[in-house]
Amino acid sequence: MRSPSRLTAAILLALPLALAAPTAAHADPVSSTSGFYVDPNSSAAAWAAANPADGRAAAIKASIAAKPMARWFGNWSGTIGTATGAYVGAAQASGKLPVLVAYNIPDRDICGGQSAGGAGSAAAYDTWIAAFASGIGSRPAVVVLEPDALGDQSCMTSAQISSRNALLNNAITQFNEKAPNTWVYLDAGNPGWISSSTMAQHLNAAGLSRTHGFALNVSNFYTTAENTGYAGSVNATLKSSYGYTKPFTVDTSRNGNGSNGAWCNPAGRRTGTPTQLGGGAEMLLWIKTPGESDGNCGVGAGSAAGQFLPEVAYKMIYGY
C-alpha cells in the first residue's frame, strides 16, 4: 500500500459535520447480522494451523487469526463470483458480517509498484467487478473498493485517471444494482498521502456520492485520531464543494503505534483496536492482515506483497 514517507504538516481536527444517509438502494448490513465474520482461512490462521509447535503460533492464533479481518480478492482469486459467493455465504451461515476488499483495478499500485498487477484491460475489470458484486448478491456485506486507486495518481496521465474514474464509477453501479445489501467504502488513502481537499475531489470524481462512504488508512499505520481528523477535512470539502458528506471507516490493523513515516514494512509497528462499530469512525476494521508483507522492503526484505511473515506478525502483537 503506497504512501509518501512524510506526514502532512498538520492533521486537522474532525469537524462536527452531519453524515450523509446511506444510498437509498442499500439496506443496513449491520442490523441484519450479529458481529463481524472471522475468516477461518486467513493467512494468519493457515500459518498457525500448519505450525502448531512453533513458539509464536499461540500468540498469532489468539491475537491475529481469531480477530475479524477482511478477505482480499484480486486476480489470484479464481472465478471471482464463485469466490465472493462462497465467502459471503459462509459468513451468512454464521450470521456474521463479512468484509471484502476488491483489489484488481488495471495498473494496480501503479506508482508504488510493490502490489503491481490487476485486470489486463478496462473491459476485463468491468466483467470482473460485475461478477464480484453478483457473487455477493442480496446477502449482507461490506466492501472496500480498490485501495491505492485514488491516492496513487501522481505518476498517471490525465487519460489514465479518467479511465480509472470511469472504472470506479461503473464498479459502484454494479454494487448498487447487484448487491443492494452491501455497504461500499471507496478507498481514500491516508492522512500522509495527499491533501484532504485533493482527495475529496478524487473521491467525488470516482462516484463517492453513490457509495455508502470512504475508507482510510488501508494497509497503513496512522493513528485513528489522525484519520478521524483527515476524514473531517475531507468531509468539509465534500460539503462545501459538492453538498454532501459521507461516513468513513479506518483500518486499525497495524496502527497501534502510529506511523513512523514509512509505508513499506516499517519496524516497530503494532496491531490496533480490533474490528468494531464506532471508535471515532462509523466502524474500525482490520483490513490488512497483520503480518502480511507490503513487499520486498523494510522488515519484509526478500518477501512478496501479501506473503505472511510470522516473525513480523509476532512482533506486531507486542509492538517491537
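# Strands, crossovers and helix pairs

Strand β5, helix α7 and strand β6 form a β-α-β unit, and this unit is right-handed. The model is predicted.

**Strands and crossovers**

- Strand β5 covers residues 213–216, and strand β4 covers residues 182–187.
- These two strands run parallel, and 3 bridges join them.
- Tyr 185 has Gly 213 of β5 as its bridge partner.
- To get from β4 to β5, the chain passes through helix α6. This β-α-β crossover is right-handed.
- Strand β6 spans residues 248–251. It is joined to β5 by 3 bridges, and the two strands run parallel.
- Across from Phe 214 stands Phe 248 of β6.

**Helices α6 and α7**

- Two numbers describe a pair of packed helices: the angle between the axes and the distance between them.
- Helix α6 is residues 196–206, and helix α7 is residues 224–242.
- They pack at an angle of about 60°, and their axes lie 8 Å apart.
- That angle makes α6 oblique to α7.
- The α6 and α7 crossing is right-handed.
- On the α6 side, the contact is made by Ser 196, Ser 197, Met 199, Ala 200, Gln 201, Leu 203 and Asn 204.
- On the α7 side, it is made by Tyr 230, Ser 233, Val 234, Thr 237, Leu 238 and Tyr 242.
- Sorted by class, the α6 and α7 contact has 7 nonpolar and 6 polar residues, and no charged residues.

**Helices α4 and α5**

- Helix α4 runs over residues 122–136, and helix α5 over residues 158–178.
- Their axes come within 9 Å and cross at roughly 25°.
- Angles under 35 degrees count as roughly parallel, so α4 and α5 are roughly parallel to each other.
- The crossing of this pair, α4 and α5, is right-handed.
- From α4, the contact involves Ala 122, Tyr 125, Asp 126, Ile 129, Ala 130, Phe 132, Ala 133, Ser 134 and Ile 136.
- From α5, it involves Leu 167, Asn 170, Ala 171, Gln 174, Phe 175 and Lys 178.
- By class, the α4 and α5 contact holds 10 nonpolar, 3 polar and 2 charged residues.

Key:
Residues are numbered from 1 along each chain as its sequence is written. This is a predicted model: local features need pLDDT of at least 70, side-chain atom pairs count only at pLDDT 80 or more; totals for chains, interfaces and linings use all residues. Side-chain values use heavy atoms; hydrogens and water are left out. Axes are lines fitted to C-alpha atoms, for helices over the stretch in contact, and angles run from 0 to 180 degrees between N-to-C directions. Helices (H or I, at least four residues) and strands (E, at least two) are DSSP runs, numbered from the N terminus. Angles under 35 degrees count as roughly parallel, over 145 as roughly antiparallel, 65 to 115 as roughly perpendicular and the rest as oblique. A crossing is left-handed if the near helix is turned anticlockwise from the far one by less than a right angle, and right-handed if clockwise. Contact means heavy atoms within 4.5 Å. Ala, Val, Leu, Ile, Met, Phe, Trp, Tyr, Cys and Pro count as nonpolar, Asp, Glu, Lys and Arg as charged, and the others, Gly among them, as polar. Two strands pair if DSSP finds at least two bridges between them. A crossover is right-handed if, with the strands pointing away from the viewer, the path from the first strand over the helix to the second runs clockwise.
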